Amino acid sequence: MSETAKIILDGKEYELPVVVGSENEKAVDISKLRAQSGYITYDDGYGNTGSCKSDVTFIDGEKGILRYRGIDIAEVAEKSHFLETAYLIIWGKLPNEQEKEQFDELIRRHELLHENMKHHFQGFPPQAAPMAVLSAMINSMSCFHSHLYDIDEPEKFMEATAKLLAKVRTIAAFSYKHSIGEPIVYPARNLNYSENFLHMMFDAPNHPYELDPEVVRAMDLLFILHADHEQNCSTSTVRMVGSSEANLFTSVAAGVSALWGRLHGGANQAVLGMLQGIHDRGDSIDTVIAKVKDKDSKFRLMGFGHRVYKNFDPRAKIIKEACDKVLKKLGRKDPLLDIAKELEQAALKDSYFVERKLYPNVDFYSGIIMRAIGIPLNMFTVIFAIGRMPGWIANWKEVHESPQARIYRPRQIYTGPTQQSYDEARKKA
Ligand code: SDX
């Protein structure tokens, strides 16, 4: 006998089914509640609301667990590489040798932009925000690939997916070169995904960029760790836009816009700005912690806290270890890493953070690695977007393929003025 939930409204009892997921997460299914009772539920910010069922990623925030298609993030980070992880997230299985070769080849085939797209970069001012450029250029892919609006056939979906994964790097690198007034660098034939991204970003006609395997590995690791994260703000945005049957390119462009916010993907840039400010002012750790606890200061410890993780974000742990490795390999020290570690130690012992279960999240250390690689600060969130591309595509695919596919259209509780005539309203003007 499956579990149910009983609710009494206006003296009448309603029995609602309980949905149980493969990891025993439970939810009260309220899809018939309004029809039966006239009531809806209210959950500002959706903190307690499941918008969908999904097979892609599982998070247990209390235990600090993150799994892509059932595989623990630490194992994926250690044993996989980004394109293979993307395949796993999108198609739900690790590719066999033949699938891997075909997918790699498909990515190579689609890594160039349509030459006409280059002119778009001329239209942006050099100091244009990279996330604005990225969202605009991904949206403009809808102008160049209209044959991929309707992608019901697997081959068409595969082509659209390859175009997005391949070109998002090229767009990011071309926009960076445009912003510094250097000639764009085309992808090279014999480089893998992350090597080619670094090549396009940092090579130049008069000074070839030497690929350091440790730096390439760190870049690939960052992409893997950002690849999906269940129903975060940007992924839910992609699902919302995709639910109207908008094409994949424009749905993903909307996800880029949602990721830009400093409470979401923009946090990695905000963390570096925060650490740099602490360093430049010579603030003590105690001063910073006191500022965080002083509500009037409006100061947030960026890179800390998470809507779901009430324990360590497993990605933060992996990135923190990688920071030490990359800096050691490059023979560099970064005072901002030392400050970050001291802040973490202080926060984990402070009741304000302990009571609110605030731990470092993926953004707390990722900027340190990006800085070590040479990524400019204003492109940190672009790196996050390149990494998150597989998760956006996989979630859009789920919406597109769902047999119960219907447009996402939440309800609301209206709190505005009750009925009034125009003349009554005019009198109040
Ligand atoms: C990402 O959803 C995802 O999965 C996102 C992500 C992904 O992979 O897609 O993991 C990536 O976006 C990570 C989060 C990056 N953002 C930041 O690091 C920004 C700083 N963190 C916060 O602003 C905050 O923690 C959020 C936005 C991440 C979560 O916000 P919630 O769940 O709405 O929590 P809240 O704002 O209601 O905070 C609860 C309490 C409040 O204090 P009280 O009112 O109870 O006294 O905790 C406090 C908050 O003031 N708090 C913080 C804090 N985060 C929460 N106080 C100081 N510093 C912080 N960072």
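Modeller: Two strands are taken as paired if DSSP finds at least two bridges between them; strands (E, at least two residues) and helices (H or I, at least four) are DSSP runs, numbered from the N terminus. The model is predicted, so to speak of local features a pLDDT of at least 70 is needed, side-chain atom pairs count only at pLDDT 80 or more, and totals for chains, interfaces and linings use all residues. Residues are numbered from 1 along each chain as its sequence is written, and side-chain values use heavy atoms, with hydrogens and water left out.

The sheet is open and consists of three strands in the order β1-β2-β3, paired antiparallel.

The pairing of β1 with β2 is antiparallel and rests on six bridges. Within this pair, Ile7 stands opposite Tyr14 of β2. The two strands make a hairpin with two residues between them, and in that turn Asp10 has a positive phi of about 50 degrees.

On its other pairing, β2 (residues 12-20) is joined to β3 by three bridges, again with the strands running antiparallel. Here Val19 has Ala27 of β3 as its bridge partner. The hairpin of β2 and β3 has five residues between the strands, and Asn24 takes a positive phi near 60 degrees there.

Glu230, which is not a glycine, has phi near 45 degrees. Its loop runs between α9 (213-225) and α10 (233-242). With a relative accessible area of 23%, Glu230 is partly exposed; buried means under 20%, exposed over 50%, and partly exposed in between (1.4 Å probe, protein chains only). Lys298, likewise no glycine, has a positive phi of about 55 degrees. This residue belongs to the loop between α13 (285-293) and α14 (314-329), and Lys298 is exposed, at 69% relative accessible area.

The ligand has 23 residues around it, and His229, Arg300, His306, Arg307 and Arg315 come nearest among them; a residue is counted as near if one of its heavy atoms lies within 4 Å. For Arg300, an N or O atom of the side chain is 2.6 Å from an oxygen atom of the ligand. The corresponding distance for the side chain of Arg307 is 2.7 Å, and a polar side-chain atom of Arg356 lies 3.1 Å from a ligand oxygen.

Two buried positions complete the picture. Thr57 is placed in strand β4 (residues 57-60) and is buried, with a relative accessible area of 10%. Its side chain makes a polar contact with that of Asp228 at 2.5 Å; such a contact is a pair of N or O atoms within 3.5 Å, where within protein one must be able to donate a hydrogen and the other to accept it, and residues adjacent in sequence count only if both atoms are side-chain atoms. Leu88 sits in helix α3 (residues 82-91) and is buried at 4% relative accessible area. The C-alpha atoms of Leu88 and Val56 are separated by 9.0 Å, although the two residues are 32 apart along the chain.
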